[in-house]
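This briefing sets out how the chains of the model are built and how they meet. It is arranged by topic, with the points under each heading meant to be read in order.

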Amino acid sequence: MNKVNPLIVSDQLARRQWLSRLFKHFCTGVTFLAVAILGVLIFQVSVAGFGWLDWQFLTSFPSRFPERAGIYSALVGTLWLVTLTASLAIPIGVLAAIYLEEYAPKNRFTAFIEVNIANLAGVPSIVYGILGLAVFVRFMGLERSVLAGAMTMSLLVMPVIIIAAKEAIRAVPSSLRQAAFAVGATRWQVVRHHVLPSAIPGILTGVILALSRAIGETAPLIMIGALTYVAFVPEGPLDEFTALPIQIFNWTARPQETFHELAAGGIIVLLAILLLMNATAVYIRYRGSKR
Amino acid sequence: MTAAVGSRPVKGSTSPLSSAQTRFGEGLLEKLFFFCALLSVLTTVSVIGILAFETYNFFQKVPMLDFLTGTRWTPLLEPKHYGILPLISGTVLIVLGAALVALPVGVASAVYLSEYASERTRNIIKPVLEILAGIPTVVYGFFALTFVTPLLSTIFPSISVFNAASGSIVVGIMVLPMVASLCDDALRSVPDALRQGAYSLGATSFEVSTRIVIPAGLSGIFASFVLAISRAIGETMAVTLAAGATPNLTMNPLESIQTMTAYIVQVSLGDTPSGTITYETLFAVAAVLFASTFVLNLGGTWIMRRYQEVYE
């Protein structure tokens, strides 16, 4: 073996350790940069929009005059949209998950359905908008109604709900099922009385996250023709509507500075709603994990 | 499964068990559930069917070759041209910029999270990334327009109000959480024994990360890249707001461009009757968009499955 010059080794070692420290600092710095960006974003929006947040802003219709404008129709529209989307997407999504986890035979068609759902989760939201435009708005003749919007949104969030519900159902220990089967329960009784009750926290978490996605989505609603200026609130599922992100988009797209501030006000409300929903999801997950 | 089964007869179970006896409705329920699951297949079929149908109609009026190789996209202005290349170049420009932001930062954050961060820091950073991922894209559009663009214009005074750079930076920020979290999963699945082996030979943490951990998690990292690119292609609101509405065959990020998604939004903001060629362009552009994200998503999940290192 060659003799190693200890001086060279220690010199190299110092370099290697220096490089290693540099690398660590780089990775740390870059990660906290991401945190900083979130901070800057929230700060920027708050500074611009906070002055506009008052009762009048929440209860007024949009207006050409910024000082009179508000998000009332957008808030009510979003509420309609989420309620309808939830009542369509949750039952269908959860039942589909139950089928795939509890009933489906292990064959190629089931595998195909699973791959298909995973792929649907990655389809751009605007493509769902195109589907909604062609099928619900034009073909089924629902026009620019909140129902057409909710049906489009349901298709969009369905894969998210199915995937979350499947995971929650899979986490239920199979001993529970076998015990129920052993005393003569039918498959549906097993699902209804044992699997679903234990899977509910996980399913709820997924559902809330899916619905918060529906609240924030803009592109599909623009596709199906949700209006950008609405001075009325929908009174039924077939009425025209607007939604919070649409209103924000509309104000942001205007050149005047004042409307940007209104948009920031709308964003604060939107983010507050989303944060509340996320906090609920985290709380449910936490309680579920404690049991 | 150690549950004691049938050690004691159940009270009142006098009826003989028979496989012919099923409760009313059991079979019906299963059919209902199956239909719910089938709905997802139906969704895919109708997406593909509708895109194919309207795109076919479009190709009756505009030759496919002109559409795919034309360098001018002016369907809303006279003289009309239907060459999709400007929209594709706009999309590619946004995706390249976003990749430049998200991929290195995402991998570095993942290395930090899996190799350096304490459990406590992880528990803070992870939710922050989740919040970043959950912020609606229209908010990122607002951020691009009111923060990133003014910032860029102090560095590059010649920049247009609407420009690809600003759009791609926020799209990068948007897909960053996904890259970081998928890469983190990949790096954490590398067994500790590999790291310990390298450390015991005297490797520094830099060497362990770059020569052991990252190579071992490479398939997951690649998959995250592919999925992030697919996400960036489909991103709509931020690029509509920040990058402009000028179909522009350029690779200069300081100029205003238009992506495929932004074009679709631009047309939908007006009222376009069915059957017109403008209506059909929506579907033709969406077909290209759908096909590219579909291939990338399939590729991403394939890489993840195919090249996953399996450790005992």
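The model is predicted. Chain A holds 11 helices and zero strands, and its C-alpha trace spans about 85 × 65 × 35 Å along the principal axes. The contact between the chains draws 73 residues from chain A and 76 residues from chain B.

**Overall form of chain A**

- In order from the N terminus, the elements of chain A read α-α-α-α-α-α-α-α-α-α-α.
- The radius of gyration of chain A is 25 Å, whereas a compact globule of 291 residues would come near 19 Å.
- Of the 291 residues in chain A, 45% are buried.
- Among the contacts in chain A with a separation of 6 or more, 75% are between residues 24 or more positions apart.

**Domains of chain A**

- Where the two domains of chain A touch, domain 1 supplies five residues and domain 2 supplies six residues.
- The side of domain 1 of chain A that touches domain 2 of chain A is made up of three nonpolar and two polar residues, with no charged residues.

**Packing of α3(A) with α10(A)**

- A packed pair of helices is described by the angle between the axes and the distance between them.
- For helix α3 (residues 72-103) and helix α10 (residues 244-252) of chain A, the angle is about 145 degrees and the axes are 7 Å apart.
- On the α3(A) side the residues in this contact are Ala74(A), Leu75(A) and Thr78(A), and they meet Leu244(A), Ile246(A) and Gln247(A) of α10(A).
- By class, four residues of the contact of α3(A) with α10(A) are nonpolar and two are polar, and no charged residues take part.

**Contact between chain A and chain B**

- The two sides of this contact comprise 76 residues of chain B and 73 residues of chain A.
- On the side of chain B that touches chain A, helix α1 (residues 26-61) of chain B gives the most, with 16 residues.
- That side of chain B consists of 49 nonpolar, 24 polar and three charged residues.

Methods: Residues numbered from 1 in each chain as written. Chains lettered and ligands numbered in written order. Predicted model: local features only at pLDDT ≥ 70, side-chain atom pairs only at ≥ 80, totals over all residues. Contact = placed C-beta atoms within 7 Å. Helix = DSSP H or I, 4+ residues; strand = E, 2+ residues; numbered from the N terminus. Nonpolar A, V, L, I, M, F, W, Y, C, P; charged D, E, K, R; others polar. Axes fitted to C-alpha atoms, helices over the stretch in contact; angles between N-to-C directions. Rg over C-alpha atoms; globule rule 2.2 N^0.38 Å. Buried ≥ 20, exposed ≤ 12 C-beta atoms within 10 Å, placed from the backbone.
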